[in-house]
Amino acid sequence: MAVQMGALQGKYQELIEAAKSAGVNNLQVREQDNVLYIDGEAATGQIKDNLWSIYNKIDPDFRAGDLIMNINVSAMAPGAKATVTTQSSNLNIRKGPGTDQPIVGKAEHMSTVTLISKTSDQWWLVRSEQGEEGYAYAQYLSVQ
Amino acid sequence: MLKTNLKITGFAIIMSTGMYFTSCKSKPKETETKVENTTVETPQTTTAPVEIASDDALTTGVKDATKDYPGVKADVDNGEVTLTGEIERSKLQTLMMTLNTLKPKKINNLLTIK
């Protein structure tokens, strides 16, 4: 069966090829209502960052609104150690997965936390070096 | 010669029909329990429709994602996230990376980049 290639797949071809050659798992490329959706699982954060650099090169400052790229990092797994990569502040550890949840502790900037379990693509249950357990925002966690 | 060809063609049609029905029969059984909204799918393709988060889930997600970006305002409407306000270019990609994990339909970036 012939695979139809939409216009957006052409525009983001370099990105799709890079994802394939980087061995992104469960790679899905779908076009729906003039938006391209790329999903998959990269082995490392570096691969994900590289794909985002290519995205930003093709669509400077992400202005076109024609791509949603959701790449998970498979190294982010229970038991793994992650560095707190906040800009400079300490990372809030919360009672539950949400910014409306009370803060139960802080993980220092550039300290190490242990990933316990994943609640969503945004929130992880973690344990700090001080042994505090709670939920942290995944954006600020980089697997070592 | 012609007869043989017809026989082969006939046989091929019967075989492919059989395969077609077999694949059709087994397909819904697998998906019946797993998928809530069963959609008509071509048996050969594995492409599922793109999952879009509800506006409620997006609103919560967007609130968490933009918490540390005081100049950024995000509105959610029918799966679309629209960003207005200001952001530094160095922070834009990080914000977009997070917003892209929320399963939005689309992101309209109207931010002024400082």
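1. Helices (H or I, at least four residues) and strands (E, at least two) are DSSP runs, numbered from the N terminus. On that basis chain B holds three helices and four strands, and along the sequence they follow the pattern α-α-β-β-α-β-β. Please keep in mind that this is a predicted model, in which local features need pLDDT of at least 70 and side-chain atom pairs count only at pLDDT 80 or more, while totals for chains, interfaces and linings use all residues. Residues are numbered from 1 along each chain as its sequence is written, and chains are lettered from A and ligands numbered from 1 in the order in which they are written.

2. Staying with chain B, buried residues make up 21% of its 114 residues. Here a residue is buried if 20 or more other C-beta atoms lie within 10 Å of its own, exposed if 12 or fewer, and partly exposed in between, with C-beta atoms placed from the backbone. Of the contacts in chain B with a separation of 6 or more, 56% come from residues 24 or more positions apart; two residues are in contact if their C-beta atoms, placed from the backbone, lie within 7 Å.

3. An α-helix has 3.6 residues a turn, so residues three or four places apart point the same way.

4. Now to chain A, which is divided into domain 1 (7–73) and domain 2 (81–143), with bounds that come from an automatic or database domain assignment. Taken over C-alpha atoms, the centres of the two domains are separated by 27 Å.

5. The contact between the chains takes 20 residues from chain A and 23 residues from chain B. On the chain A side, strand S1 (25–32), strand S2 (35–42), helix H3 (45–58) and strand S3 (67–73) each supply at least two residues, and S3(A) gives the most, with three. By class, that side has eight nonpolar, eight polar and four charged residues. Ala, Val, Leu, Ile, Met, Phe, Trp, Tyr, Cys and Pro count as nonpolar, Asp, Glu, Lys and Arg as charged, and the others, Gly among them, as polar.

6. S1(A) and S2(A) run antiparallel and are joined by six bridges; strands pair if DSSP finds at least two bridges between them. Arg30(A) has Tyr37(A) as its bridge partner in S2(A). The hairpin has two residues between the strands, and Asp33(A) there takes a positive phi near 45°.

7. Most residues other than glycine have a negative phi, and most peptide bonds are trans. Asn34(A), in the loop between S1 and S2 of chain A, has a positive phi near 65° and counts as exposed, with 11 C-beta neighbours inside 10 Å. Asn26(A), in strand S1 of chain A, has a positive phi near 50° and is exposed, with 9 such neighbours.

8. Finally, Asp66(A) sits in the loop between H3 and S3 of chain A. Asp66(A) counts as partly exposed because it has 17 C-beta neighbours inside 10 Å. Leaving aside neighbours within four places in sequence, Asp66(A) is in contact with Leu8(A), Asn34(A), Val35(A) and Leu36(A). Leu8(A) is 58 residues away along the chain, yet the C-alpha atoms of Asp66(A) and Leu8(A) are separated by 7.7 Å.
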